[in-house]
Amino acid sequence: MRNVRWLSERGALRLWRRPAWLPDAALRLSIVLFVLIGGFVMVRRALPVAMKDREVQVTAAMEREQAREVTYAGASACGDCHEDKALLKKDGYHRNLSCETCHGPAAAHIANPTEIKPPAPRDRQFCPTCHAYDLSRPMGFPQINPITHNPVKPCIACHEAHDPKPPSVPGECRACHGEIARTKEISPHALLECTTCHTVPEAHKVTPHSILPTKPTTRDFCGGCHGTESKAVGVPKVDVKTHGEKYLCWQCHYPHMPELHRREVQR
Ligand code: HEC
Ligand code: HEC
Ligand code: HEC
Ligand code: HEC
Ligand code: HEC
Ligand code: HEC
Ligand code: HEC
Ligand code: HEC
């Protein structure tokens, strides 16, 4: 021990002198790096070929996949024997679903149609996998709440699975504008039809956001009944030229619930 110190004190053990510009930390780091790389090279050499060669791996994976039994028959495999169902589905809302989406893999069924039959999902639990309300589904996708939507009965009691129909278009304004309809019902305008003031294209009921009804745009529109020149009977009259100045009538009166005024007192 004493000999080693004697030697090192005299610089005899200093085989390599660290240059001043190289920090001490860099030296230690490079030793660690060296050990890691060396270890990696040694482990890699020791591994069997099958674990290193990409070619060998790809071939093995392909063999494994090819050895699997084919269970799905494909989207066009059912129509030959079940033409009625294929025709039913062709133009319906489920046209983009393949038969096996609902009936499960059916290759075995095609090979032996009478012995092996794919299940038909008649259970009420099945359809909500796609149709139960889920915020992440695209806007407009038909969704229902399976708990409140016609409970207990199976879905197929009311919907034909191969050609489901969308709900029929509501004919009345109140189906979609319930709040306005209920408000108007108890207002002085109760007896006025919605279409007295709005011209509604039939298509508005199908695509309400893109095809909009008209709305009154001028003071004269209301003046048609309420103006002093109007011949409408039983309608309170105002002088359209002066009443409410330049403002539109519905800036002061909500048209679906025009408030009653103290007519009796004024007269
Ligand atoms: C080679 C003809 C053939 C092909 C192809 C075929 N089927 Fe069938 N399928 C049959 C026969 C036959 C029956 C039995 C009919 C019966 O029992 O009345 C049947 C019955 C069924 C049933 C009824 C099972 C039940 O519960 O009553 C379903 C569902 C079905 N097939 C689905 C499919 C689907 C899905 C495909 C396509 C992947 C398909 N089939 C392709 C011949 C075929
Ligand atoms: C949305 C899911 C769905 C799709 C897609 C679908 N089916 Fe069905 N299928 C059902 C349900 C549910 C039943 C049970 C209907 C019933 O009992 O009234 C059924 C019943 C059947 C039956 C038995 C009919 C019977 O009267 O017993 C056959 C055959 C059949 N489907 C074939 C097909 C074929 C062929 C396709 C593709 C062209 C297809 N299905 C696509 C859900 C589906
Ligand atoms: C008692 C009959 C009945 C049963 C059972 C039933 N539905 Fe409906 N479903 C309807 C009617 C009627 C409509 C039309 C909408 C309306 O008028 O409320 C409808 C509408 C729908 C719509 C369209 C909703 C939209 O806004 O576009 C979907 C999707 C639907 N049903 C799925 C299902 C599913 C899934 C089940 C089973 C869990 C089911 N239905 C059970 C009668 C039924
Ligand atoms: C794999 C997913 C999937 C399954 C399972 C499924 N559907 Fe559908 N359904 C769809 C798609 C996709 C549409 C078409 C939506 C569109 O065109 O915007 C649709 C449309 C409908 C519609 C038309 C509603 C409307 O307002 O446009 C009804 C009703 C319906 N399905 C009922 C059912 C019933 C009943 C079942 C069970 C037998 C079922 N669906 C199973 C995906 C599915
Ligand atoms: C299928 C549902 C539905 C039916 C039925 C319906 N509407 Fe609408 N309506 C809407 C929706 C949704 C909007 C909002 C459209 C938007 O702002 O994108 C709307 C907007 C309107 C507007 C406002 C247009 C605008 O420029 O702001 C009027 C007015 C209107 N509807 C009147 C009617 C009348 C009158 C009827 C009956 C004859 C009717 N609607 C029937 C769904 C409906
Ligand atoms: C007396 C004429 C009149 C009648 C009747 C009437 N509306 Fe309106 N409605 C208007 C006017 C005016 C506006 C524009 C209000 C505005 O721009 O602030 C309007 C606006 C609307 C709007 C746009 C949203 C809103 O609240 O401003 C909807 C939706 C609407 N009406 C639906 C209906 C429906 C549904 C009925 C029948 C139940 C109806 N209207 C009956 C005059 C009428
Ligand atoms: C088709 C004729 C007609 C049109 C158009 C019409 N109204 Fe009326 N309005 C009436 C009738 C009828 C009453 C109810 C009178 C009654 O029985 O008290 C009424 C009542 C009113 C009242 C309540 C007055 C009161 O003191 O009782 C106001 C405010 C009013 N309308 C404003 C409007 C406005 C604003 C418009 C335009 C958006 C309009 N009206 C369009 C027929 C019309
Ligand atoms: C600046 C707000 C304002 C505007 C704009 C306005 N009104 Fe009025 N309106 C009132 C007020 C406030 C009253 C109640 C005070 C009164 O009895 O004079 C009233 C009362 C009425 C009455 C009841 C009169 C009666 O004798 O009972 C009718 C009908 C009426 N307005 C229709 C209209 C029509 C139609 C227009 C558009 C041409 C219109 N208003 C525009 C504020 C307005």
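This is a predicted model: local features need pLDDT of at least 70, side-chain atom pairs count only at pLDDT 80 or more; totals for chains, interfaces and linings use all residues.

Where is the place of Val-152, in terms of helices and loops?

Guide: Val-152 sits in the loop that links helix H7 (128-131) to helix H8 (178-185). Its backbone is worth a look, as phi is positive at about 75° even though the residue is not a glycine. For context, most residues other than glycine have a negative phi. Val-152 counts as exposed because it has 6 C-beta neighbours inside 10 Å, and the cut-off for exposed is 12 or fewer.

Now for the chain around that loop. It holds eleven helices and zero strands, so if you read the elements from the N terminus on, you get α-α-α-α-α-α-α-α-α-α-α. The domain assignment gives domain 1 (82-167) and domain 2 (173-260), and the centres of the two, taken over C-alpha atoms, are 45 Å apart. The C-alpha trace spans about 130 × 75 × 30 Å along its principal axes. Even so, among contacts with a separation of 6 or more, 44% are between residues 24 or more positions apart.

Glu-245 belongs to the loop between H10 and H11, and it is exposed because 8 other C-beta atoms lie within 10 Å.

Of the 17 residues around ligand 8, the nearest are Cys-222, Gly-244, Tyr-247, Cys-249 and Cys-252. The elements giving two or more residues to this shell are H10 and H11, with H10 supplying the largest share, four residues. By type, the shell of ligand 8 splits into seven nonpolar, eight polar and two charged residues.

Turn to H10 itself and you'll find Cys-222 again, as one of the buried residues of the helix, together with Arg-219 and His-226. Looking down the axis of H10, these buried residues fall within an arc of 75°, so they line one face of the helix.

His-256 counts as partly exposed because it has 19 C-beta neighbours inside 10 Å, while buried would take 20 or more. Setting aside neighbours within four places in sequence, His-256 is in contact with Ile-180, Thr-183, Lys-184, Ser-187 and His-189. In contrast, Asp-80 is 176 residues from His-256 in sequence and 59 Å from it in space, C-alpha to C-alpha.

Last stop, ligand 5. The shell of ligand 5 has 16 residues, the closest being Cys-173, Cys-176, Cys-194, Pro-208 and His-209. Sorted by type, the shell of ligand 5 has nine nonpolar, five polar and two charged residues.

How values were computed. Residues are numbered from 1 along each chain as its sequence is written. Chains are lettered from A and ligands numbered from 1 in the order in which they are written. A residue is near a molecule or strand if its C-beta atom, placed from the backbone, lies within 6 Å of it. Ala, Val, Leu, Ile, Met, Phe, Trp, Tyr, Cys and Pro count as nonpolar, Asp, Glu, Lys and Arg as charged, and the others, Gly among them, as polar. Domain bounds come from an automatic or database domain assignment. Two residues are in contact if their C-beta atoms, placed from the backbone, lie within 7 Å. The arc is that of the directions from the helix axis to the C-beta atoms.
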